[in-house]
Amino acid sequence: MKSPAVAQPPLEFCRALLAGRVPEEAVTFCAYLLPERAAVWWGHECLSNLAELLVDGDLELLALVNDWVGEPANPGHRAALGEVVDLTPTTPAAWIALSAAWRDPAFDMISTGFPAAHAVNAGILAGLARVSTADRFGVLSAFVEMGIQMVEMEAQRQSVDVY
């Protein structure tokens, strides 16, 4: 992301990025704004909307991510995720699966130096690259709005948890 931070609320800034010269920066901002598990889920949901543009292996990885997000401590889900930890991310869903592994403390992936948001961003942008040029901005906008809604839901959830 090359856009400098400005003194405005995060969601306003995100929408300004979307309306700016490089709207993809709004995806990057959302990926880092969301809590990591929510960011992984957001990536999953974005790519699920592009299922017709993905290969079978990607659909399997998205199913794995779905299971992991639902029950991250489940040993079966962790074992399945463990099989993709060494996967070279060459497809959009491989990035999202990797983001789940980077997020899960059981895999001790902190040594990679990358937060889960890095992989979520890469996965979503790789998925967007498969969308036709004519449709890309509309899809990107829908993804960013979904991310913004998730940020708002997470904020509400956290405020409820405080009480």
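Student: Is helix α2 mostly covered or mostly exposed?
Tutor: Helix α2, spanning residues 24–33, is mostly covered, with 7 of its 10 residues buried (under 20% relative accessible area with a 1.4 Å probe, protein chains only). Helices here are DSSP runs of H or I of at least four residues, numbered from the N terminus.

Student: Which residues of α2 are buried?
Tutor: They are Glu 25, Ala 26, Val 27, Thr 28, Phe 29, Cys 30 and Ala 31.

Student: What are these values based on?
Tutor: The model is predicted, so local features need pLDDT of at least 70 and side-chain atom pairs count only at pLDDT 80 or more, while totals for chains, interfaces and linings use all residues. Residues are numbered from 1 along each chain as its sequence is written, and side-chain values use heavy atoms, leaving out hydrogens and water.

Student: Now, at what angle do α3 and α7 cross?
Tutor: The axes of α3 (residues 36–48) and α7 (residues 116–128) cross at roughly 10° and come within 9 Å. Axes are lines fitted to C-alpha atoms over the stretch in contact, and angles run from 0 to 180 degrees between N-to-C directions. The two helices are therefore roughly parallel (angles under 35 degrees).

Student: Which residues make that contact?
Tutor: With contact meaning heavy atoms within 4.5 Å, α3 contributes Glu 36, Ala 39, Val 40, Trp 42, Gly 43, Cys 46 and Leu 47, and α7 contributes Ala 116, Val 120, Gly 123, Ile 124 and Gly 127.

Student: And how do α4 and α5 pack?
Tutor: Helix α4 (residues 56–70) packs against helix α5 (residues 75–82) at about 140°, with the axes 9 Å apart.

Conventions:
Buried < 20%, exposed > 50% of the residue type's maximum accessible area, 1.4 Å probe, protein only. Parallel < 35°, antiparallel > 145°, perpendicular 65-115°, else oblique.
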